[in-house]
Amino acid sequence: FSNQHTWYLATLSSVSAKSKAETNPTIPFSKLIYTYNHVIQGFSASLTPAELESLKNSPGYVSSVKDRVVKVDTTHSFEFLDLNSGTGAWPVSSFGKDLIVGVIDTGVWPESESFNDDGMSDVPSRWKGECESGTQFNSSLCNKKLIGARFFNKGLIAHNSNITISMNSTRDTEGHGTHTSTTVAGTYVKDASYFGYAPGTARGMAPMARVAMYKALWEEGAYTTDIIAAIDQAITDGVDVLSMSLGLDGVELYEDPIAIATFAAIEKNIFVSTSAGNEGPDVETLHNGTPWVITVAAGTMDRDFGATLILSNKVSINGLAQYPGNFTSTEFPIVFMDTCSNKTELSKIKQKIIVCQDPGKEDSLDDQFNNIQAAGNIAAVFITNSSSVDVFVQSPFPAIFLVQKDGDTVVDFIKSNTDPKASIVFKKTILGIKPSPRVTSYTSRGPSYSCPLVLKPDIMAPGDSVLAAWPPNIAAARVNQDLVFTNFNLLSGTSMACPHVSGIAALLKAVYPNWSPAAIRSALMTTSDQIDNTGSPIKDIGGNLRPADPLAMGAGHVNPNKALNPGLIYDATVQDYVDLLCGLNFTQQQIKTITKTSSNNCSNPSLDLNYPSFIAFFNDRDAKPNSTTVVEFGRTVTNVGDGSFTYKANVTPINGLKVTVEPDTLVFKTKYEKKSYKLSIEGPKQLHKAVLFGYLTWEDSGKEHVVTSPIVATSYKIEK
């Protein structure tokens, strides 16, 4: 055959002819959906079960996997990450100049000010992508910032041939893609805000990088066939970084088209950033636990949005609020209605501010909120310690949420006054919130289902209430029954955390164009922060504010400026990933599915990938009491600092475990020199706690570099 495509067509033709002859001659002819060039050696097609069985006997058949539905993980963050124009990652990387970030998402709103290309140089000559025209999208809408726009929906159509696609182009009808792509690389936009909240200049992580949008997520559905077609095209077009705020839950690596497709991207030296998912705080909920991508968890920022309740005795109390409407500053009578459960009584109250005490039961805040909304009144004050208050703050009616101690002040005031009154001022943005960052409760946790022996997630980035561009024709909120619109929206999720890391990776790639994706990931992980802005360990909102473990936040919170100078890196080659696949006891067919070659070298199978983190399972339920075991890891680090360095190892004590590092001193004489060490964890065969963790740090004698890796010991058993 002259090319793969003609071979695939001929194969499908013969398969279809066979199945027609054997079964029902009226079966429609098999439809080829996509021929893939990079992500797999193969194609996607609509097949009957009989045709699939026939295909399995065709020459060259390796494997097949059913198309699946994919889950989407739905202006201040740059300052919180300490990015500034004078020093550090921004000026050193020229703000990510000429790096190309491919975003696979719901499309883009090209007219957004965040895609303004003022001051940008010509599109890099190496770029092979294009701007496709379609419904309400002309190719002239691209510019030097938004340099590519393509859309993929053949898979979606194959699932439902009668489907009507409302916007058959790269134009965004959901907002998600506009938000994520401008978080990565949005240009400077002054006076951006969400209805007055979070005011300031909005910009992405890499403001001078280019964006290419690949729309493969549709209001009508999202399928792996279209997503890997988008990845395939992005590889051809020449992106440097791929950002994907989506994933598949509970699939093996060789059955996960996204894992298989991203392996092809890594082979082409493309950095791939993915979201961990929003299924927390339960463990083992994470997706994209793929060893060759970076998996990003979501954290909070040091910023809250709120309102001030001013009592008539002139006492002011701040609370959380994101009511988007305008509100009068007039004083109103204020009344305490206890748990606000009596709907009849609530409906009798007119022209008053109602105060509700959340009893703290499951769904009690939800019930109160709905009761108040149904009754309708001037405004509400909710007193609650609920960790899910974030769900309610963007309320369609004027509402402020107070913590218990502030709520007690309000209730005492109401009870001790004959004519209590109060006013509320909304649209307050409070900076410098402590402690922060914290791990959000919704961010999905490890261990990874698909590869538990690699610790996931890798890193945490801002994911809560992130301000970025938004299509002006998609409602961003409600004020009572009316929809309201804005050019910038506040969204939360690991979907918002992932593009932060994609943009920061672009900054690093601009500085170190020859570094591998594994080297960039290592630099981000080993320089991340485990300490919050109060000097204490980062806390986990989903874990009752206990110190966050690495199964929740990975190595720590991303720190772009420190990542510029990591000192040592843990590199990994494509062969290292193949060694891991061999060590996982995958069959040759399964390995071939991922690597796209028959000549896989399995002479050094290893479950011990050269990764900047460590996870050990102590889960032998049949172990004799007090019996111990030792888990060993081998690691090789490369000196990327200029000159010679001596590094010394330090391990935080982990109660009940003995961790040793051999040798505990590494001497580097030259740049790019490699040294190896062994880390051993001795512990009980069956750990009595679910998770124990600590950190290994390598520090050079001049204290210029501190290279930190998380160590996790767990008794979890991954049930498959």
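This is a predicted model: local features need pLDDT of at least 70, side-chain atom pairs count only at pLDDT 80 or more; totals for chains, interfaces and linings use all residues.

**Entry 1: C131 and C142.** I looked up the sulfur atoms of C131 and C142 and found them 1.8 Å apart, in a disulfide. The link is right-handed, with 70° about the S-S bond. Both C131 and C142 lie in the loop between β4 and β5, 11 residues apart. C131 has a relative accessibility of 15% and counts as buried, and C142 counts as buried too, at 16%, because the cut-off for buried is under 20%.

**Entry 2: C340 and C356.** Next I turned to the disulfide that joins C340 to C356, where the S to S distance is 2.1 Å. The torsion about this S-S bond is about -95°, so the disulfide is left-handed. I placed C340 in the loop between β17 and α9, and C356 in strand β18, 16 residues apart. Both cysteines, C340 and C356, are buried.

**Entry 3: C582 and C602.** The sulfur atoms of C582 and C602 are 1.8 Å apart and form a disulfide, which is left-handed because its torsion is about -80°. C582 lies in helix α17 and C602 in the loop between α18 and β31, so the pair ties together parts that are 20 residues apart in sequence. Here I noted that C582 is buried, at 8% relative accessible area, whereas C602 is partly exposed, at 27%.

**Entry 4: the pairing, and cysteines without a partner.** With the bonded cysteines numbered in sequence order, I wrote the pairing as 1-2, 3-4, 5-6. C451 is in no disulfide, and the nearest cysteine sulfur, that of C582, is 13 Å away. The sulfur of C498 is 19 Å from the closest cysteine sulfur, in C451, which is too far for a bond. C451 is buried, at 0% relative accessible area, and C498 counts as buried at 0% relative accessibility.

**Entry 5: helix α7.** Is α7 largely enclosed or exposed? I found that 12 of its 14 residues are buried, so α7 is largely enclosed by the rest of the structure; among the buried residues are T224, I227, A230 and D237. Helix α7 covers residues 224-237 and reaches 20 Å from its first C-alpha to its last, close to the 20 Å expected. After α7 comes G238, whose phi is positive, near 100°.

Definitions and conventions
Residues are numbered from 1 along each chain as its sequence is written. Side-chain values use heavy atoms; hydrogens and water are left out. Helices (H or I, at least four residues) and strands (E, at least two) are DSSP runs, numbered from the N terminus. The expected span of a helix is 1.5 Å times one less than its number of residues. Buried means under 20% relative accessible area, exposed over 50%, partly exposed in between (1.4 Å probe, protein chains only). A disulfide is a pair of cysteine sulfur atoms within 2.5 Å.
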